[in-house]
Amino acid sequence: MVIRGETNLIKVYDLTPVIDLENYDLSESSDIQRLQETIGSYIDAGEAEAVSLPTNLVGVLPDSAEIEINDNVYTFEDVEYKNKSVDELISENFNEGDVILLLQGNGDGYFEYELNPDINDVKIGYTACDIEAPDEPIYDFFCDLMLPDLVEVNGEKVDIIASNFYPKDTLVAEVYVVREDNGKYLEKVAEVDILHEHWDLFEDIIQVDYDDPIA
C-alpha cells in the first residue's frame, strides 16, 4: 500500500530553556528582530532541542491524497478515519508558558507500507481540531490532515517502510507560547527567518528528496 499527496510537516523545538520572553518587548520591532536573531543562531548552531512527540507531525491533505493498493487507487473518501485531537496533543506534551518553535514545510509526500490490505480494513489517523480553535496559522496548517504515521489494518498499527518528501514551498518558522484558558492552546508571538537549506532539519522525520516525486 502507498499513500501519496500534498504533505505538511511540522518539527517542534523547545525554546523554553534558552529563551526568556520576559527579556523581550514584543510590541517593539527591534526586540522582535533581536528575538528572531537569537532563535536563528540557536537553530544554526544546533543548540535548539527538538521535541520528541508520540507521533510525527506529518499530514497529507485529504483532497490531494491517493491510496494505492494492488494497482487500485482510492481517495480519502474511501477510507475510515481515526481522529487524533490536536488539543490533546498540545495538552499532553506541553506546559503552560512553554516557548516552542514550529518549523513548517510543505511539499509532496510518499509513504509506503508492506501490507496490501482490503481498503475496507484500513483506518487512517486524522487531525481533528475543535471548531473553536484559536485563529492562529498553525491550526490552519495542521488541522484536517491524514496522518500516514497512524495507519491501522484490522485494528493493528502498520509501519511505514519507505517514505520521501519533496519540498515545494519555502520553510516557515514561527514561535508560539503555550497558554491555558479552559484548556491549553498555542499563541503565536513571532516569525523567524529560516534559510532554505534547513530542509535537512526534517531528515530525522522523513527522507527529504529534491528530485521529482515518485509517480
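Let's start with charge: this protein chain carries 11 positive and 52 negative side chains, and the centres of the two sets lie 4 Å apart. Keep in mind that you are looking at a predicted model.

**Overall build**

- The protein chain contains three helices and 13 strands.
- Its radius of gyration is 18 Å, close to the 17 Å that the globule rule gives for 215 residues, so the chain is as compact as a globular protein of that length.
- If you follow the C-alpha trace along its principal axes, the protein chain spans about 55 × 40 × 25 Å.

**Inside and outside**

- Of the 215 residues in the protein chain, 45% are buried.
- The protein chain exposes about 11,100 Å², and carbon and sulfur atoms supply 40% of that area.
- Among contacts in the protein chain with a separation of 6 or more, 82% are between residues 24 or more positions apart.

- Asp204 and Lys11 meet through their side chains in a salt bridge, at 3.0 Å from N to O.
- This pair links distant parts of the chain, 193 residues apart: Lys11 sits in strand β1 (residues 2–14), and Asp204 is in the segment after β13 (184–192).
- Are the two partners buried or exposed? Asp204 is exposed, because its relative accessible area of 57% is over 50%. Lys11 is buried, because its relative accessible area of 9% is under 20%.

**A salt bridge from strand to loop**

- Asp108 and Lys168 also form a salt bridge, with their closest N and O atoms 3.8 Å apart.
- Asp108 belongs to strand β7 (residues 99–113), while Lys168 is in the loop between β11 (160–167) and β12 (172–180), so the pair ties together parts that are 60 residues apart in sequence.
- Asp108 counts as partly exposed, at 24% relative accessibility, and Lys168 counts as partly exposed too, at 45%.

**Another pair and a network**

- Lys188 pairs with Glu191 in a salt bridge whose closest N and O atoms are 3.2 Å apart.
- Lys188 is partly exposed at 27% relative accessibility, and Glu191 is partly exposed at 38%.
- Which residues join up in a network of salt bridges? They are Arg4, Glu66 and Glu68.

Conventions. Residues are numbered from 1 along each chain as its sequence is written. This is a predicted model: local features need pLDDT of at least 70, side-chain atom pairs count only at pLDDT 80 or more; totals for chains, interfaces and linings use all residues. Side-chain values use heavy atoms; hydrogens and water are left out. Helices (H or I, at least four residues) and strands (E, at least two) are DSSP runs, numbered from the N terminus. The radius of gyration is taken over C-alpha atoms; the globule rule is 2.2 Å times the number of residues to the power 0.38. Buried means under 20% relative accessible area, exposed over 50%, partly exposed in between (1.4 Å probe, protein chains only). Contact means heavy atoms within 4.5 Å. Accessible areas come from the Shrake-Rupley method with a 1.4 Å probe; for residues, only the protein chains shown count as cover. Lys and Arg count as positive and Asp and Glu as negative; His and the chain ends are not counted. The place of a charge is taken as NZ of Lys, CZ of Arg, CG of Asp or CD of Glu. A salt bridge is a side-chain nitrogen of Lys or Arg within 4 Å of a carboxyl oxygen of Asp or Glu.
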